[in-house]
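User: Please go through the terms used for this model and show what each one rests on.

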Amino acid sequence: MNTHPLNQRASDVDVDVAIIGAGPSGAVAAALLRKAGRSVLVLERQHFPRFSIGESLLPQSMVYLEEAGMLQAVIEAGFQYKNGAHFVWRDQSSSFDFRDKHSSGWGTTYQVERAVFDDLLIRCAAEQGAVVRFGHTVHAMQPGAAPTLDVTDEAGDAYQVRAQFVLDASGFGRVLPRLLDLETSTRMPSRAAIFTHVRDGIAPGVTDRNKICVATHPEHRDVWYWMIPLANGRSSVGCVAQASFLDCPEAEREAKLRALIRQEPTLGALIGDAPFLMPVNHIGGYSANVEWLHGPGYALLGNAGEFLDPVFSSGVTIALRSAHLAVQTLKRQFAGEAVDWRAEYDVPLRKGIDTFRAFVERWYTGELQDIIFYPHQTPQIRRMVCAVLAGYAWDESNPYVADPVRRLTALHEFCKSA
């Protein structure tokens, strides 16, 4: 990986667009910019492949993978097929098939090992001509009409990148929010997750491997689990709760997660004592926000701008949507148009984020859980809710996107009174 376009050398460079981070939003943005004829340099602090969470994609993501010329590679990679979500709480269950939804478009997608998936996407971008430098860290930025980045490689050699525009796709690293002091308060409480992969050993037909399983703790409705079936008999499994609920020394995380799995009947039966395939990881304080998703000479993509919660697997979808919107806006700017980044990027992107936020907030109050497990769901409304769960959070023909807070509140009141 030392040759162009996966180029590791430290040297000053002038480029149309510099992208910080080689995850899904950075890779898709790079590919779309290359399709538009722009020179692109991607700077990634880590080396790929590397582990990441966010393994259950939503069907809306497929639109952007196709647009970026990556869909065929993803289809051929052998990932676990996904067509919906299965929710369980005590003896109640509810399955949503993403193919039966209000919004038009993809109804299927994949559940992926992100180390493989992310590496595949950035290699696709490189094959389209994006230059990628792994092991290179951005230490400073001078924003403006011609922004510059101060970068060092792993040998400690420093150099500058002069760009016409910078996209921050650094995800949880949140490089520009940290360097430019952009962080602002988030409305989301401080939660944490502990998670691992298991050799699940689940016999065919016992569970639907084509759906993510989201299980609520039998006694604590604000504590939930995921089980994401992956290819080759693996599953990703984790628990999300208030940070204090999961607090324990690192040496005790495996026992903590194992005990929590056993407390939930469905996952206890499916996973039980299945061997963990890697150490139990912990991530906390992941909810984050900034006042604006853009500034002079830069824009923030995906989790670098705002991250809500993993419950509805919205992270990669928001990341890819942000890449699409940012590149469309940049293309107009490069064409000489007067661009209003707030109106053309920030506001449209946040519309979908706010839709997901309304669903996430009501999940933790229990209101959305009441809706999901309501036994007499109206098919039309069910398809509208399903469309959001499938990632179509920007389709304003859906009343639960156009006015999610009011619609969900009214629907919950109906379910409780019926």
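Analyst: Helices are DSSP runs of H or I with at least four residues, strands are runs of E with at least two, and both are numbered from the N terminus. Helix 12 (residues 379–389) is followed by Gly391, whose phi is positive, near 105°. This is a predicted model, in which local features need pLDDT of at least 70 and side-chain atom pairs count only at pLDDT 80 or more, while totals for chains, interfaces and linings use all residues. Residues are numbered from 1 along each chain as its sequence is written, and side-chain values use heavy atoms, with hydrogens and water left out.

User: Why is Ser61 called buried?

Analyst: Buried means under 20% relative accessible area, exposed means over 50%, and partly exposed lies in between (1.4 Å probe, protein chains only). Ser61 has a relative accessible area of 1%, so the residue counts as buried. Ser61 is found in helix 2 (residues 60–67). Contact means heavy atoms within 4.5 Å; leaving aside neighbours within four places in sequence, Ser61 is in contact with Val316, Thr317 and Leu320.

User: What makes strand 1 mostly covered?

Analyst: Seven of the eight residues of strand 1 (residues 13–20) are buried. Two strands pair if DSSP finds at least two bridges between them. Strand 1 runs parallel to strand 10 (residues 158–168), joined by seven bridges, and Val15 stands opposite Ala163 in strand 10. Strand 1 also pairs in the parallel sense with strand 2 (residues 40–44), over four bridges, where Ala18 stands opposite Leu41.

User: How do you know how helix 1 and helix 4 are oriented to each other?

Analyst: Axes are lines fitted to C-alpha atoms, for helices over the stretch in contact, and angles run from 0 to 180 degrees between N-to-C directions. Angles under 35 degrees count as roughly parallel, over 145 as roughly antiparallel, 65 to 115 as roughly perpendicular and the rest as oblique. The axes of helix 1 (residues 24–35) and helix 4 (residues 114–127) come within 8 Å and cross at roughly 20°; the two helices are therefore roughly parallel. Their crossing is left-handed, a word used if the near helix is turned anticlockwise from the far one by less than a right angle (right-handed if clockwise).

User: What makes up the contact of helix 10 with helix 12?

Analyst: The axes of helix 10 (341–365) and helix 12 come within 10 Å and cross at roughly 110°, which makes helix 10 roughly perpendicular to helix 12. Thr355, Phe356 and Phe359 of helix 10 meet Val385, Val388 and Leu389 of helix 12. By class, these residues divide into five nonpolar, one polar and no charged; Ala, Val, Leu, Ile, Met, Phe, Trp, Tyr, Cys and Pro count as nonpolar, Asp, Glu, Lys and Arg as charged, and the others, Gly among them, as polar.

User: Why do strand 5 and strand 16 stand at the edges?

Analyst: The open sheet of seven strands has the order 5-4-13-14-15-12-16, with mixed pairing. Strand 5 and strand 16 (281–284) each have a single partner strand, so one side of each is left without a neighbour in the sheet. Strand 16 pairs with strand 12 (residues 191–199) in the antiparallel sense over four bridges, and there Ala193 stands opposite Ile283. Helix 12 lies across strand 4 and strand 5, running at about 75° to strand 5.
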